[in-house]
Amino acid sequence: MDALLFMIFAAIAVICGINLVVQTHPISSALSLVGVMGALAALYLLLGGEFIAAAQLVVYAGAIMVLFVFVIMLLNAGTEKKMVVRPLGKYLGAPFLLIFFGMIAYMIQRILPASSPVVFGAFQGGTAEGIGRSLFTVYLLPFEVTSVLILIAILGAIVLARKEVD
Amino acid sequence: MPLGPLPAAVPPSWYLTLSAILFALGVLGFLLRRNIITVFMSIELMLNAVNLSFVTFSYVLKRNDGHIFSFFVMVVAAAEAAVGLAIILTVFKNRQTLEIDEVSSLKN
């Protein structure tokens, strides 16, 4: 059952990822990205990350993608004119990307040759309680610094967006 | 990867391989696409792929530090999206285009 669920959601993630790259209209790419994020949230649940799965849906698929779709609508972004693929990129880039991916996959198989399979419920540390305990003890300073980062980002976004065109 | 009948549960390396596939797709979109918003979304796809690696390693090591890292990645991605989209808005207001090849004044 776990393997079947992994296969289903991995297939959704990969298909939506390919769709993101090949679609020419940005709104189609944005909706594909929402599909990838939803599938990844289900995979996080399988890996025992309850809090991260919820945060993925709320923050990523909710807040960030709404921002993206809002900007696409606001700018009235249309279809991309033409994807310019230079011959060098087509005949050299694609094999290199495949080699890059193959090397990563090979290294992964070498590093984790015979680890025990992923079973739902085998890892209980990813609950909201566990995450909160880590966040407010070991990782307290990064957590507080993050709030400053978000404050700066909000101020920067406001300053950038209200700047008058000269 | 062994072929044949599907096992009851998959090893963690399959999750990492999926993460590598998604990262490669993100790189592909980043290099291939010409729309600045789609390029930005490809970056988000790469961040998501890395998050999947973090959570998988967290499962393998039976510690929740990877979850904290991916939480911070999400927070930084939210800040990045806010600032990046504001920059895109400003660029569009000044140049009326979203093609990244036409926004190359630093090169000239």
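Helices here are DSSP runs of H or I with at least four residues, numbered from the N terminus. The model shown in every view is predicted.

**View 1. The loop between α5 and α6 of chain A, with Thr137(A).** Thr137(A) is found in the loop that joins these two helices. Thr137(A) counts as exposed because it has 8 C-beta neighbours inside 10 Å, and the cut-off for exposed is 12 or fewer. Arg86(A) is 51 residues away from Thr137(A) along the chain, and 52 Å separate their C-alpha atoms.

**View 2. The largest nonpolar core.** This core holds 69 residues, and those touching the most other members are Ala13(A), Val36(A), Leu40(A), Leu43(A) and Ile37(B). Both chains contribute: at least two core residues come from each of α1 (2-22), α2 (26-46), α3 (50-75), α5 (128-135) and α6 (140-161) in chain A, and from each of α1 (12-32), α2 (36-61) and α3 (65-95) in chain B.

**View 3. The surroundings of Val36(A).** Leaving aside residues up to four places away in sequence, Val36(A) touches Ala13(A), Cys16(A), Gly17(A) and Leu20(A) in chain A, and Leu45(B) and Asn48(B) in chain B.

**View 4. The contact between chains A and B.** Chain A puts 72 residues into the contact and chain B puts in 61 residues. On the chain A side, two or more residues come from each of α1, α2, α3, α4 (87-111), α5 and α6. With 12 residues, α3(A) gives the most to that side. Sorted by class, the side of chain A that touches chain B comprises 57 nonpolar, 12 polar and three charged residues.

Technical notes
Residues numbered from 1 in each chain as written. Chains lettered and ligands numbered in written order. Predicted model: local features only at pLDDT ≥ 70, side-chain atom pairs only at ≥ 80, totals over all residues. Core = buried A, V, L, I, M, F, W, Y, C linked by C-beta atoms within 7 Å. Buried ≥ 20, exposed ≤ 12 C-beta atoms within 10 Å, placed from the backbone. Contact = placed C-beta atoms within 7 Å. Nonpolar A, V, L, I, M, F, W, Y, C, P; charged D, E, K, R; others polar.
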